[in-house]
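User: Please examine the structure shown below and answer some questions about its residues.

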Amino acid sequence: MKEYAVYKGDQFIDQGTADYLSDRLGVKRATIIWLQSPTNRKRDKGNRMVAVKVD
């Protein structure tokens with residue numbers, strides 16, 4: 001299973017699978033996948049929620 005760590009700026013939010021995080025944050029699973037996309041990271045100016053794939 002792929003795990004993701006979610007951050008908002010420098011603040012750590014949570015870590016887990018896309019399904020777990022979507023339930024925890026109240027968003028769709030696709031949103032978690034979007035948060036780790038290169039496009040989302042490019043748009044981040046320091047205050048956007050981003051996800052990082054954890055190995």
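Analyst: Helices here are DSSP runs of H or I with at least four residues, numbered from the N terminus. The model is a predicted one.

User: In which element does Pro38 lie, and is Pro38 buried or exposed?
Analyst: By that numbering, Pro38 belongs to helix 3. A residue counts as exposed when its relative accessible area is over 50%.

User: Is Ser37 buried or exposed?
Analyst: Ser37 sits in the loop between helix 2 (29-35) and helix 3 (38-43). The cut-off for buried is under 20% relative accessible area. Ser37 has 12%, and therefore its class is buried.

User: Which backbone oxygen does the side chain of Ser37 reach?
Analyst: A polar contact requires N or O atoms within 3.5 Å. The side chain of Ser37 comes to 2.7 Å from the backbone oxygen of Trp34.

User: Which elements give two or more residues to the largest nonpolar core?
Analyst: This core consists of seven residues: Tyr4, Val6, Ala18, Leu21, Ile32, Leu35 and Ala51. The elements that supply two or more of them are strand 1 (3-8), helix 1 (18-25) and helix 2.

User: With which residues is Leu21 in contact, leaving aside neighbours within four places in sequence?
Analyst: Leu21 is itself a member of the largest nonpolar core. Apart from those neighbours, its contacts are Tyr4, Val6, Asp14, Gln15, Gly16, Gly26 and Ile32.

User: What separates the C-alpha atoms of Gln11 and Met49?
Analyst: Gln11 is part of strand 2 (residues 11-16). Gln11 and Met49 are 38 residues apart along the chain, and their C-alpha atoms are separated by 9.4 Å.

Note on methods
Residues are numbered from 1 along each chain as its sequence is written. This is a predicted model: local features need pLDDT of at least 70, side-chain atom pairs count only at pLDDT 80 or more; totals for chains, interfaces and linings use all residues. Side-chain values use heavy atoms; hydrogens and water are left out. Buried means under 20% relative accessible area, exposed over 50%, partly exposed in between (1.4 Å probe, protein chains only). A polar contact is a pair of N or O atoms within 3.5 Å; within protein, one must be able to donate a hydrogen and the other to accept it, and residues adjacent in sequence count only if both atoms are side-chain atoms. A nonpolar core is a set of buried Ala, Val, Leu, Ile, Met, Phe, Trp, Tyr and Cys residues joined through side-chain atoms within 4.5 Å. Contact means heavy atoms within 4.5 Å.
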